[in-house]
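Open the model in your viewer and keep the sequence panel beside it. We will go stop by stop.

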Amino acid sequence: MQRWFSRVILIGLVLGLAACAPSKFKRYNGPPVTEVLVQKSERKMYLLSGNRALKVYDIGLGNEPIGHKQFEGDGKTPEGMYFIDRRNPDSRYHLSVGVSYPNPADTAYAQSLGMRAGGDIFIHGQGPEGRALSQVRHDWTAGCIAVRDEEVEDVYAMVRDGTPILITP
């Protein structure tokens, strides 16, 4: 009887601890994020509601941070107006939200030179790979915008698909 009781208590403890484990999926009930503003030269990203900054983050960029992304593999982060258009809950960089690069003009320019514009631009966390790389180099992505894992949890919860993102030099 005591053995059975001990097992029940142990199972209850395990289930209780599992329920307390922090989730990477946060809830957000504040003012809506109406725009994401990225200022590459300052290495800052702002989540804005109207003209008020709700959150400000230090960011890492592509490994060639100066200039607008033009071609696949150039290591640059795009510049211009885009939109948040998808999310990846299973990102190898913890969580990520997609940026609508390339737009038709980006694609046409790259094609006019016989190149591909690239794609898969995200705002993402670090994940294990990024934590190691960011210790060596601040701008370590292939063209994405990186924040800390805890910060991308906020971004993922606060920013809705369709939100404009302006990326400035």
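In which strand does His124 lie? Select strand E6, residues 122-124, and His124 is there. Strands (E, at least two residues) and helices (H or I, at least four) are DSSP runs, numbered from the N terminus.

A word on the model. It is predicted: local features need pLDDT of at least 70, side-chain atom pairs count only at pLDDT 80 or more, and totals for chains, interfaces and linings use all residues. Residues are numbered from 1 along each chain as its sequence is written, and side-chain values use heavy atoms, with hydrogens and water left out.

Stay on His124. It is buried, at a relative accessible area of 3%. Buried means under 20% relative accessible area, with a 1.4 Å probe and protein chains only. Show its neighbours: beyond four places in sequence, His124 touches residues including Tyr93, Trp140 and Cys144. Touching is a contact, meaning heavy atoms within 4.5 Å.

Next, select Cys144. Look in the loop between helix H3 (127-136) and strand E7 (145-146). Cys144 is also buried, at 10% relative accessibility. Among its contacts are Gly60, Thr77 and Asp120.

Move to helix H4, residues 149-158. Nine of its ten residues are buried, so the rest of the structure largely encloses H4. Among those buried are Asp149, Val152 and Met158.

Finally, zoom out. The chain has four helices and eight strands. Buried residues make up 40% of its 169 residues.

Terms used. Buried < 20%, exposed > 50% of the residue type's maximum accessible area, 1.4 Å probe, protein only.
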